Amino acid sequence: MNDTNRVINRLLLAATGIALLAVAGLAVALIAVPDAGRLWRGIGRSATTAADGVFGVHLWPGTTLSLAALIALAVAALFVILLIVQVVRAGRGATSTVLTLSTPDGSVELDAAVPAALLTEQLKPVPGVAGVAVSAYRVRRTPALKVTVRCRRGASPREVADAVDEAVALLDSALGTTLPVFAQLVGGFRSRLQAATRVDTSTSAARPS
């Protein structure tokens, strides 16, 4: 739940996957087809000769810079820029303000610590709840809360989810508005009941599906 550029992530994963598939396919062909090695060496020599004829020529007299070197530098620069953008954007979705109210005297900002304290106080006494962590993020420019509830071993996921629902409803009532909430239940029953969590926009809480 952050503002990381998912397009870059998917492009990198796709490129890595295609490269691994190509290597795996080549390895299988070399093992399964007897003449694959000889054919591959012939194709490699032809491709190398053609590439040298196109990219190995110096760009102008008196220089050792070739088109291949220029393309390699451009690709390396693009890769470095993408990495820098990825690092800079990673984690920028975190926010400390979850609500901004307009008043006749100006605007009032609600810090994320307020709903965090309210939810923690409501959930701590619940049987089966070992700990609560609340953080705030901006998802598509909209403030949202992530509530991670650590459950004790043997705790009922349904009872904990119901308690989260009630706590979120009390929070909405106290704030006078509805905040999107993503609830994640971890620990205890998780090893035996692999229930996925989801965002429930109707109740602003996540339940095991």
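Colleague: Let's start with a pair of helices. Are H4 and H5 parallel, perpendicular or oblique to each other?

Modeller: Happy to start there, and please keep in mind that this is a predicted model. The axes of H4, residues 113–123, and H5, residues 157–175, come within 9 Å and cross at roughly 140 degrees. Over 145 degrees would count as roughly antiparallel, and 65 to 115 as roughly perpendicular. H4 and H5 are therefore oblique.

Colleague: And what is the handedness of the crossing where H4 passes H5?

Modeller: The two axes cross at roughly 140 degrees. As H4 passes H5, the crossing is right-handed.

Colleague: Which residues of H5 does H4 meet, and how many residues in that contact are nonpolar?

Modeller: On the H4 side the contact uses Pro115, Leu118, Leu119, Gln122 and Leu123. They meet Ala163, Val164, Ala167, Val168, Leu170 and Leu171 of H5. By class, the contact has no charged residues and 1 polar residue, and the nonpolar ones number 10.

Colleague: Nice. What covers the buried residues of H5?

Modeller: The buried residues of H5 include Val160, Ala161, Asp165, Asp172 and Leu175. Ala163, Val164, Ala167, Val168 and Leu171 are also buried, and these five are among the residues that meet H4. The cover for the buried residues of H5 includes H4 together with strands E2, E3, E4 and E5.

Colleague: How far does H5 reach from its first C-alpha to its last?

Modeller: H5 has 19 residues, and 27 Å is the span expected at 1.5 Å a residue. From first C-alpha to last, H5 is close to its expected span, reaching 27 Å.

Colleague: Let's move to the loop between H3 and E1. Is glycine 93 buried or exposed?

Modeller: Glycine 93 sits in the loop that joins helix H3, residues 67–89, to strand E1, residues 97–103. Its C-alpha is 9.1 Å from that of arginine 140, although 47 residues separate the two in sequence. Buried means under 20% relative accessible area. At 2%, glycine 93 is therefore buried.

Colleague: Which residues does threonine 97 touch, leaving aside those up to four places away in sequence?

Modeller: Threonine 97 belongs to strand E1. With a relative accessibility of 15%, threonine 97 counts as buried. Its contacts beyond four places in sequence are Glu109, Leu110, Arg138 and Pro143.

Colleague: And how far apart in space are valine 132 and arginine 150, C-alpha to C-alpha?

Modeller: Valine 132 lies in strand E3, and the residues it touches include Leu123 and Val147. Arginine 150 is 18 residues from valine 132 in sequence. In space, C-alpha to C-alpha, the two are 6.2 Å apart.

Colleague: To finish with the whole chain, in what order do its elements run?

Modeller: The chain has 5 helices and 5 strands. Of its contacts with a separation of 6 or more, 52% are between residues 24 or more positions apart, and buried residues make up 26% of the 209 residues. From the N terminus on, the order is α-α-α-β-β-α-β-β-α-β.

Conventions. Residues are numbered from 1 along each chain as its sequence is written. This is a predicted model: local features need pLDDT of at least 70, side-chain atom pairs count only at pLDDT 80 or more; totals for chains, interfaces and linings use all residues. Side-chain values use heavy atoms; hydrogens and water are left out. Axes are lines fitted to C-alpha atoms, for helices over the stretch in contact, and angles run from 0 to 180 degrees between N-to-C directions. Helices (H or I, at least four residues) and strands (E, at least two) are DSSP runs, numbered from the N terminus. Angles under 35 degrees count as roughly parallel, over 145 as roughly antiparallel, 65 to 115 as roughly perpendicular and the rest as oblique. A crossing is left-handed if the near helix is turned anticlockwise from the far one by less than a right angle, and right-handed if clockwise. Contact means heavy atoms within 4.5 Å. Ala, Val, Leu, Ile, Met, Phe, Trp, Tyr, Cys and Pro count as nonpolar, Asp, Glu, Lys and Arg as charged, and the others, Gly among them, as polar. Buried means under 20% relative accessible area, exposed over 50%, partly exposed in between (1.4 Å probe, protein chains only). The expected span of a helix is 1.5 Å times one less than its number of residues.
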